[in-house]
Amino acid sequence: MNEQPTNNIFPELKVCGLTNPEQIQELISMKVNFLGFIFYQKSPRYVLNHLSLDHISKIDHQGKVGVFVNETAEKIVETATKGKLNFIQLHGDEDDQFINDLRERLSSDVKIIKVIRIGNEISENREKIEQIFTQTTNCNIQPIDYYLFDTDSKAFGGTGQQFDWNILNEFEIPLPYFLSGGISEENIKNIESLRQKPFALDINSKFETAPGDKNIDKIKTFKTIIPMSPNGTI
């Protein structure tokens, strides 16, 4: 009997908070899909304390993500151009007008990821998510390409804390999304309970020995245990 194809695929993988050139090259060799560089000065993983934009521009990878928090559109465009970024991740409180303005200024090749931060107030989270999804589906008010769901915090990410993923099952998510917020070897199997599976997983602090210093062996192990998702659900 011929074996039938399973049509299963793995979510893609983003490693965020990178600062070390040798580790970046190892991740590229491992075929990690997205490399995250944080351009938020208050972050302990602020990349420009370690790498120049010229250095980042020379990294040969098509998934370079610049993470920004309430930065000006001018600065984002300048950084994206000089660093040859492929994606812009908006992790702050950027509104519709800002995103539209940024989209007009950015090269059409650069994609936008909008972060939705999930806190502890369930009703407040529902209202926020529903409003954002309605805006996206009605006349494409926000010209974004992906969502990223992360745990809300004053530090704007990198906390290692997981939000209640079950809230995502209450919505039809209109765009592919990254799942972030304390993802680890211990909870990765829980994505099987998600009705709409993530396009990509975003890992950071759970795979570090110190802020910005990644545990490459731990990431290698993690890649081998990511659950497969039925084709067509992400």
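Predicted model: local features only at pLDDT ≥ 70, side-chain atom pairs only at ≥ 80, totals over all residues.
Trainee: Why are Tyr147 and Phe149 called buried?

Mentor: Tyr147 has a relative accessible area of 0%, and Phe149 has 0% as well.

Trainee: Why is the pair of Phe178 and Phe199 called edge-to-face?

Mentor: The planes of Phe178 and Phe199 are 75° apart, with 5.7 Å from centre to centre. An angle over 60 degrees counts as edge-to-face, and the centres are within 6.5 Å, so the label applies.

Trainee: How do you know that this pair links distant parts of the chain?

Mentor: Phe178 belongs to strand S8 (residues 177–179), whereas Phe199 lies in the loop between S8 and strand S9 (200–203); they are 21 residues apart. Phe178 and Phe199 also belong to one aromatic cluster with Phe34, Phe87 and Tyr146.

Trainee: Why does Phe199 count as buried?

Mentor: Its relative accessibility is 18%, and the cut-off is under 20%, so Phe199 is buried. Phe178, at 0%, is likewise buried.

Trainee: What makes the charged end of Lys218 sit over the ring of Phe207?

Mentor: The charged end of Lys218 is 5.6 Å from the centre of the Phe207 ring. The distance limit is 6 Å, and the charge must also be within 35 degrees of the ring normal. Lys218 is assigned as sitting over the ring of Phe207.

Trainee: How do you know that the buried residues of helix H6 line one face?

Mentor: The buried residues of H6 (residues 216–225) are Ile216, Ile219 and Phe222. Seen down the axis of H6, they fall within an arc of 115°, so they line one face of the helix. On the other side of H6, Asp217 and Thr224 are exposed. The buried residues pack against strand S2 (12–15), helix H1 (21–29), S9 and strand S11 (213–214).

Trainee: How do you know that S2 pairs with S9 and with strand S3?

Mentor: Four bridges join S2 to S9, in parallel, and Glu12 has Ala200 of S9 as its bridge partner. Two bridges join S2 to S3 (residues 34–38), also parallel, with Leu35 of S3 as the partner of Val15. At least two bridges are required, so both pairings qualify. S2, H1 and S3 make a right-handed β-α-β unit.

Note on methods
Residues numbered from 1 in each chain as written. Heavy atoms only, no water. Buried < 20%, exposed > 50% of the residue type's maximum accessible area, 1.4 Å probe, protein only. Phe/Tyr/Trp six-rings, centres within 6.5 Å; stacked < 30°, edge-to-face > 60°. Arc of directions from axis to C-beta. Contact = heavy atoms within 4.5 Å. Right-handed = clockwise from strand over helix to strand, strands pointing away.
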